[in-house]
Amino acid sequence: MRRAEATYRHLAFVEFGEDLVFGLNLGFYRTFAVPEIARVLASTGRMTREAPLRAKATGKAMFGLFRDGLDSDAAAEAVDALNRIHARWPIDNDAFLYVLACFDVAPMRWCDKYAWRPTTPDEKSASHVFHRRLAARMGIVDVPATWDGFARWMDDFERRRFAPTDEAAELWRATQGILAHRFPPRLAPLVRVAVDTFLDDPLRRALGVRRAPAPVRALASGGMRLRAYRIGRSHADPHYRPKLPSALRDV
């Protein structure tokens, strides 16, 4: 357990800090495509009125858990707070399990596609161990035993449960600019134009988002490859020091 947490902590704070934030963002967007989850998120009004603040709070809470470990006093307080919040809503275990998958599976997939290198099987396993332990503390049951099994469960759940709703479209409109703010200023304008290129087709349809024109998709893909190359060069520098996104530097 401790070795897995140490591996995941290194992943979050050294290897893929910025990309893990992006992956968590995309994972959270996926929850909008599940109608019962979208209804809950939209009904509070907080995600539509205070989207940047909610996203920053969620990111800091998750990275705090990564840093301190699930056995820490700070983690116990954070998990208790999460449990109190979630107890208000009539959401079934599968929906909670899906949200967990979005935080476990989606960030690894983002890193595999867009980061300076793909994640390793050990890193995926470490992520899964961490999230299974988090699930146990939140009363979420029936978590598949492996990361690969969880990824297959997630894909099957999405095929069965994704559907377009007005709430999903509303949540997307309120939050789509957040991802652009995660990028360096020189890339943010491109991301704002091409943010939907980071959505796969089932998610895009559920959110009511049109597919970007081919030139925009090509430009976004090229920009991400260039970004990955530059980050890889930075990691090869013996004097490299990891840098977290600005929103998380005080975690």
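This briefing covers one arginine, a helix pair and the cysteines. The model is predicted: local features need pLDDT of at least 70, side-chain atom pairs count only at pLDDT 80 or more, and totals for chains, interfaces and linings use all residues. Residues are numbered from 1 along each chain as its sequence is written, and side-chain values use heavy atoms, leaving out hydrogens and water.

**R133**
- R133 sits in helix α8, residues 121-138. Helices are DSSP runs of H or I, at least four residues, numbered from the N terminus.
- R133 is buried, at 13% relative accessible area. Buried means under 20% (1.4 Å probe, protein chains only).
- Leaving aside residues up to four places away in sequence, R133 touches M1, E5, L70 and D71. Contact means heavy atoms within 4.5 Å.

**Helices α1 and α8**
- Helix α1 (residues 2-15) packs on α8 at about 110°, with the axes 8 Å apart. Axes are lines fitted to C-alpha atoms over the stretch in contact, and angles run from 0 to 180 degrees between N-to-C directions.
- The two are therefore roughly perpendicular, a label for 65 to 115 degrees.
- Residues meeting across the pair include E5 in α1 and R133 in α8.

**Cysteines**
- The whole structure has 0 disulfides, meaning cysteine sulfur pairs within 2.5 Å.
- C102 is buried at 1% relative accessible area, and C111 is buried at 0%.

Conventions:
Buried < 20%, exposed > 50% of the residue type's maximum accessible area, 1.4 Å probe, protein only. Parallel < 35°, antiparallel > 145°, perpendicular 65-115°, else oblique.
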